[in-house]
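Please keep the sequence and the model in view while going through it.

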Amino acid sequence: MSAVLRTEGIEVRYGETSVLRDVTVEVERGEAVSVIGPNGAGKTTLLKTIAGVLRPRHGRVVYDGVRLDGRPAHRVVRLGIAYVPAEKELFPQMTVLENLQLGAYVNPTATDEHLAFVFGLFPRLRERTGQLAGTMSGGEQQMLAIGRAMMAGPKVLMLDEPSTGLAPKLVAEMYEQLSRLKAAGLTILLAEQQVPLALALTDRTYVLENGAIRLAGPSRDLLGDPEIKRAYLGLA
Amino acid sequence: MIPILIDGVVQGLQLSLLAVGITLIYGLGGVLNLAHGQLAIVGGVATALLIGGGVNVVAACVLGVLGAGLFALVVDRSLLVPAYRAHGEERLLLGLVLTLGLSLLIDGYLNYQFPNTALTLRLPVPSVNLGGFRVRSASIGTSLIAILAFLVLLGFLRRTLVGKAVRSIIQNEVGAELCGIDATRTRTLILVLSGMLAGLAGVAQGLFSSLGTEMGVEFTILGLIVAVVGGVRSINGTLAAGVLLGIVNAFASYYVGTYLAFIILLLAAMITILVRPSGLLAYWT
């Protein structure tokens, strides 16, 4: 099997400091992959580079045979990769419905179809269509951010720390929806601090430390790895 | 009293036409356009020259407005390119310097090349009776043009997907890019649209009284004051502020003269910044 999304030895720098060094990550079609690691390891940088928000200094990002690096973010979305950043980046003074409509900007004719799908995923959004995004709770905003990304009808969904700032009950609810999306065939690349959740959802996992891949393997195996247990799962 | 009030509203609507462009360009691109009044002059002078060349008046007005938009397009694609490459404060400062230079260039060129050109459009019917008051039909004409332009603009921003994309960039440019919206292209569109609105204000000025090549600076300053009072990111606020300051300006000009009127308008802007830094109707875009 060949990877649908692949970074090939990318190096990303902020000024003189390199945040990612020689990072190669592969995601196969329909696969869910997580990237875990401590704060500042470069997880967000990795996702932002794939999304076109940042440019790699060296290396390539390839999606479905097409080079992504150097393309602006708005072009990457058009190719089928939607990105939900940790900051959510919603439009606070616009309604839930307007936020979702703009999510379908790349394919406006599919708006109604995708809207029905998103409302099925997060029924709460349907009840709040007229509410301004900025006045919603953190959990609702996270749902809206994922919903907005899904409005583009992506083939790959990238999520950065979707559980941050959410109550445990909401986190569980959200992960349930993510596993539904995975079951429906969506390819998922997830960066997450809550390691048990990430490992439970995904097929494979990369451990990123200090900007380099330290470990990679099936999520199930990493769940049993003593070193992972000690470093990330808080178990002795 | 009433005639002054009417004059104020009419002039205020024109100011709104100018200021809304400043608001949009700033909100979208972070560039405060100091040559915005000059765009109005470009539109007005083009119209005057076309009429002088024998073109039908209505066609000349339309072409003048389109000309201002075309000029804005050229500015966006040439002069503003380095500004848009910079970010944050650097872009703001570069934008100020570049557009200030542009305003001087336009003023100098037009005053030198067309020193006695002025746009004065006369309507066949000088005035009409409106509820017991004699109102100049030119006043009604300019107001209708401005109100129509606003309705179209607001309809575009609120109802169409591209209009919503414009608002989304103002609120969160990163978020807009992640939705697949090309901020650069949208910015160009808005600059052209703002240029046309400015051109419309210029033509309307010719209808209302007379537009000369030397009025660019005054237009820019008035537009900036209105944009500040309305809130540089709020479109509705800008519309309201234009009418409000137009009325203030008309009364102040009548009772204390134009020089003091300018100072009073600046005071109004200063007080707004102190009391409501985000403008009259903050965030009500």
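The sections below cover conventions, strands, nonpolar cores and a helix pair.

## Basis

This is a predicted model, in which local features need pLDDT of at least 70 and side-chain atom pairs count only at pLDDT 80 or more, while totals for chains, interfaces and linings use all residues. Residues are numbered from 1 along each chain as its sequence is written, chains are lettered from A and ligands numbered from 1 in the order in which they are written, and side-chain values use heavy atoms, with hydrogens and water left out.

## Strand β3 of chain A

Helices (H or I, at least four residues) and strands (E, at least two) are DSSP runs, numbered from the N terminus. Five of the five residues of β3(A), residues 32-36, are buried, so this strand is largely enclosed by the rest of the structure; buried here means under 20% relative accessible area with a 1.4 Å probe, protein chains only. Ala32(A), Ser34(A) and Ile36(A) point one way from β3(A), whereas Val33(A) and Val35(A) point the other way.

Strands count as paired if DSSP finds at least two bridges between them. β3(A) is joined by four bridges to the parallel strand β8(A), residues 187-191, where Val35(A) has Ala191(A) as its bridge partner. Four bridges also join β3(A) to β9(A), residues 204-209, again in parallel, and there the partner of Val33(A) is Arg204(A).

## An antiparallel sheet

In chain A, four strands form an open sheet in the order β2-β1-β4-β5, with antiparallel pairing. Its edge strands, β2 (17-28) and β5 (66-67), each pair on one side only. Five bridges link β1(A), residues 3-14, with β4(A), residues 58-63, and Thr7(A) stands opposite Val61(A).

## Nonpolar cores

A nonpolar core is a set of buried Ala, Val, Leu, Ile, Met, Phe, Trp, Tyr and Cys residues joined through side-chain atoms within 4.5 Å. The largest core has 57 residues, of which Leu102(A) and Ile181(B) touch the most other members; its largest share, eight residues, comes from α9(B), residues 183-208. A second, separate core of 43 residues includes Val96(A), Ala104(A), Phe122(A) and Leu186(A).

## A helix pair in chain B

α1(B), residues 2-29, and α2(B), residues 36-52, pack at an angle of about 130 degrees with their axes 9 Å apart. Among the contacts (heavy atoms within 4.5 Å), Leu18(B), Gly21(B), Ile22(B) and Ile25(B) in α1(B) meet His36(B), Gly37(B) and Ala40(B) in α2(B).

How values were computed:
Buried means under 20% relative accessible area, exposed over 50%, partly exposed in between (1.4 Å probe, protein chains only). Axes are lines fitted to C-alpha atoms, for helices over the stretch in contact, and angles run from 0 to 180 degrees between N-to-C directions.
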